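Please keep the structure open beside you as you read.

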Amino acid sequence: MNHQQKSLKTLFAILTFLGLMQAVIAAPSADLWETWTRNNPVNQNQINHEPWQEFLNKYLETQHASGINRVRYTRVSTEDRQSLADYLKQMSQTQITAYSKQEQKAFWINLYNALTVQIILKNYPVQSIRDIKSGFFSFGPWDMKLMEIEGEKITLNDIEHRILRPLWQDNRVHYALNCASLGCPDLQPQAFTRENMETLLDSAARAFINHERGAKFEKEELVLSSIYHWFKTDFGGTDASVIEHLIHFADAPLAEKLRSYHESWDHDYDWKLNAAQP
């Protein structure tokens, strides 16, 4: 094999590797898992999320100078780690398909957030959730089989992309799910319930969009969270439809600037851990 052939082979290997990395990094599409479409609209029973609420009350810092909610991971006691594990065990034993659809929505959102916190606690200290690997080419724990519900093994990606996104088709869900990162919408200080769902989703969207990690202008360029790039289809599929979505929740000064903006926008995301200072 001559030098040119070796160079081409090396280039091909690099391009193949980069292609694999791109496939790993790309956001999954919404692909409905039919099992979880079952529900019982007449069931008015509620699932108890009080243990998760108690955890949030103790360990979520909501007054940080950055305007981003932080988790006091280092302060979580052994007893409260066990309480979180017990709550998740309770969730795993829930026959969720026997509940109403709105009760299910709150269940899956709270489950996603509580599982994410537990993953961080089990691997702490880490600089980023992406440091927790679920496979050789993985960037984060999202494909780990973390729990079994009604005989089905569940991952975080399943909850987000195979259940919540396709089943409800509500782009505000992106503001409810927290991936333990500074660039992510806040971990909410309230557990989701069917009663507070609409109010909490709207307030979460408004808080994120009006914070610089959601939307900001750098000189004359609009820079948005990468969430709007990764999941553009959920926000209408075009740059313009994303901006229309932002305007709906933006405070007056930001909304005015967005209405007069007709260029393409850039995006970024901060993957550093949303940890409070010890």
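## Helices, rings and buried residues

The chain holds 9 helices and 7 strands; these are DSSP runs numbered from the N terminus, with helices being H or I of at least four residues and strands being E of at least two. The model is predicted, so local features need pLDDT of at least 70 and side-chain atom pairs count only at pLDDT 80 or more, while totals for chains, interfaces and linings use all residues. Residues are numbered from 1 along each chain as its sequence is written, and side-chain values use heavy atoms, with hydrogens and water left out.

Of the 278 residues in the chain, 48% are buried. Here buried means under 20% relative accessible area, exposed means over 50%, and partly exposed lies in between (1.4 Å probe, protein chains only). Among contacts in the chain between residues at least 6 apart in sequence, 72% join residues at least 24 apart. A contact means heavy atoms within 4.5 Å.

### Two helix pairs

Let's turn to the helices. The table sets out two packed pairs, with axes fitted as lines to C-alpha atoms over the stretch in contact and angles running from 0 to 180 degrees between N-to-C directions.

| Helix pair | Angle | Axis separation |
|---|---|---|
| α2 (residues 50-59) and α3 (residues 78-92) | about 150° | 9 Å apart |
| α4 and α5 (residues 156-168) | roughly 155° | within 10 Å |

Helices α2 and α3 pack at about 150°, which means that α2 is roughly antiparallel to α3. The cut-offs for these words are under 35 degrees for roughly parallel, over 145 for roughly antiparallel, 65 to 115 for roughly perpendicular, and oblique for the rest. α2 passes α3 in a left-handed crossing; a crossing is left-handed if the near helix is turned anticlockwise from the far one by less than a right angle, and right-handed if clockwise. On the α2 side, P51, W52, F55, K58 and Y59 take part, and they meet D80, L84, Y87 and Q90 in α3. By class, this contact of α2 with α3 has 6 nonpolar, 1 polar and 2 charged residues. In this scheme Ala, Val, Leu, Ile, Met, Phe, Trp, Tyr, Cys and Pro count as nonpolar, Asp, Glu, Lys and Arg as charged, and the others, Gly among them, as polar.

The axes of α4 and α5 cross at roughly 155°, and that makes α4 roughly antiparallel to α5. Their crossing is left-handed. Residues of α4 including W108, I109, L111 and Y112 meet residues of α5, among them L156, I159, I163 and W168. The contact of α4 with α5 divides into 12 nonpolar, 3 polar and 3 charged residues.

### Aromatic pairs

How many aromatic pairs does the count come to? Rings of Phe, Tyr and Trp (its six-membered ring) pair if their centres lie within 6.5 Å, with planes under 30 degrees apart counted as stacked, over 60 as edge-to-face and the rest as tilted. By this rule there are 15 aromatic pairs. The rings of W33 and W36 have centres 5.7 Å apart and planes at 85°, so this pair is edge-to-face. W33 and W36 are both buried. A tilted pair is formed by W230 and Y269, at 5.0 Å centre to centre with 55° between the planes. It links distant parts of the chain, 39 residues apart: W230 is in helix α7 (residues 227-230) and Y269 in the segment after β7 (266-268). W230 is partly exposed, at 29% relative accessible area, whereas Y269 is buried, at 16%. Elsewhere, W33, W36, F107 and W108 form one aromatic cluster.

I154 sits in strand β4 (residues 152-154) and is buried, with a relative accessible area of 1%. Leaving aside neighbours within four places in sequence, I154 is in contact with W33 and W36, as well as M144, K145, L146, M147, I149 and I159. I154 and S92 are 62 residues apart in sequence and 9.8 Å apart in space, C-alpha to C-alpha.

L88, in helix α3, is buried at 3% relative accessible area. Not counting residues up to four places away in sequence, L88 touches L111, A114, L115, Q118 and M147.

T94 lies in the loop between α3 and α4 (101-123) and counts as buried at 11% relative accessibility. Beyond residues up to four places away in sequence, T94 touches I47, Y99, F107, I149 and E150.
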